[in-house]
Amino acid sequence: EGALFLYLAHENLKEGGKLAFVLPKNILSGVSWFLIRTLLVSSYHIEYIIISYDPENGYNFSESTKLSECLLIAKKIGNNNNSFTKFIILFRKPQTSVEAIALANQIKTMNKDGYVQVNDVTAYVKIINQFKLKNHLDNWGKFVYLPNPNLLEVSDKLLDGIIEVGGQKVRIPLTRFNNIIATIGIDSRQFVDNFKVTKKHIPGSIAIIHGGDENVRRKMWIAPNAYAVPINKGKRLFEEKSGRFILPSAIWIDTSHVVSAITDENVLSSVFYVVKLRHEDEDKLKALCLWFNTTWGILSVLMNRQEVRGRWIQLKMAQWRLLPVLDVESLDPSKVLELSRIFDRYKDLDLGRIPNQYNPRKVNKYRLELDKEFLRVFGISIEDQHLLSLYREIYSALLQWMRAS
């Protein structure tokens, strides 16, 4: 409904006029908001996009909701590639109109990225060229996906296929996920309409991953946990869409241990998307699964998420398809094999809940070793301290994000 109000405002606004809206934060990343982002970037100078990571006062700006929201201010001036948008991350929201005005006055004069503070109110301003917004219409949330400027810089480089850590950097081949997959399974509605779940294997039933509780998300190698009897179009869907590589449609980031997993036989799922590669290959499956569960794979997922309420996030089929991933098709086969072997060493290990993997007081040793082995495949040998420094940044950002929910 918010999109309809914005469109009505657009239709009635004169050239030079401004829009000022409180909107669901999904306007930055949601698939259903794609046309609105297209409208804004083609007809407006988007001056400010403001989001909150305030752990005490929450993500919202409206009193009537606890869902994530953003403030958007845009001037109707037509196509303008040379304008800049100020993304503002509030670490603490203003509590009075005086604080808000003082903060706004400082932000208006800023011409480069940086912090701003008024009393206890703090914010970080990141300035993005509008041309860059056009190139990333699929998701603007990636520019402010965590409340940490250093991680935002790491992520900017990752978008260009560059991993930089400890003063070393390497370019890795990335591609849109859609370029290397054949199918991406079915959604929950299709599952309910075409399969009847049964606890035991009976004649004619198929193996499935049922539910998405924490036990299902603990390891990179899992087995089916239920069965289902195909009804309606179920048999055909299983033949066409079943596979072994699974990705979540929704993630509680503080209870998930892994992002992706591989099953030991073909399955479908009620809550996971099941992916088949265009050129099915065991080593490529394992290399890709390993990538998603490296620190940089996890950051890429967080960058491209659709935020529902704080740490509860979603990635729809279209968002997974557009996600930049390790290009296992163009990667040297020897590297694919090395990554596959690393996967085998870690596939049955529990790395712990994702935030806890980065806890500087007790970093998960498997997390540290997995990342180091991944980097060595691409020619980076690094001391623990450099990764631990990155982990501290990730942990503090995740903690602030989750506390605000």
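**The six-stranded sheet**

Let's start here. Six strands make an open, mixed sheet, ordered β1-β3-β2-β4-β6-β5. A word on the source: this is a predicted model, where local features need pLDDT of at least 70, side-chain atom pairs count only at pLDDT 80 or more, and totals for chains, interfaces and linings use all residues. Residues are numbered from 1 along each chain as its sequence is written, and side-chain values use heavy atoms, with hydrogens and water left out.

Terms next. Strands (E, at least two residues) and helices (H or I, at least four) are DSSP runs, numbered from the N terminus. Two strands pair if DSSP finds at least two bridges between them.

Angles run from 0 to 180 degrees between N-to-C directions, with axes fitted to C-alpha atoms, for helices over the stretch in contact.

Helix α2 (residues 34–43) packs on this sheet. It touches β1, β2 (44–52) and β3 (69–76), contact being heavy atoms within 4.5 Å. The direction of α2 makes about 130° with that of β2.

Now β4 (residues 84–90) and β6 (residues 121–129). They run antiparallel, joined by seven bridges. Lys 86 has Ile 127 in β6 as its bridge partner.

**Strand β17**

On to β17 (residues 261–269). Strand β12 (residues 206–209) runs parallel to β17, with two bridges. There, Ile 209 faces Ser 269. Strand β15 (residues 243–248) runs antiparallel to β17, with three bridges. Here Gly 243 is opposite Val 267.

**Aromatic pairs**

How many aromatic pairs does the whole structure have? The search finds 13. Rings of Phe, Tyr and Trp (its six-membered ring) pair if their centres lie within 6.5 Å; planes under 30 degrees apart are stacked, over 60 edge-to-face, the rest tilted. Take Phe 292 and Trp 320: centres 5.8 Å apart, planes at 80°, so the pair is edge-to-face. Phe 292 sits in helix α8 (residues 282–292) and Trp 320 in helix α10 (residues 317–322), so the pair ties together parts 28 residues apart in sequence.

**Cavities**

Last topic. The structure holds five cavities of 30 Å³ or more. On a 1 Å grid over the protein atoms alone, a cavity is a set of points where a 1.4 Å probe fits but cannot get out. Points are joined across faces, edges and corners, and volume is the space filled by probe spheres set on them. The largest cavity has about 80 Å³ of space. Its lining residues (an atom within 4 Å of a point) include Lys 25, Tyr 53, Met 303 and Glu 307.

How values were computed:
On a 1 Å grid over the protein atoms alone, a cavity is a set of points where a 1.4 Å probe fits but cannot get out, and a pocket is an open set with protein on both sides within 12 Å along at least five of seven lines; lining residues have an atom within 4 Å of a point.
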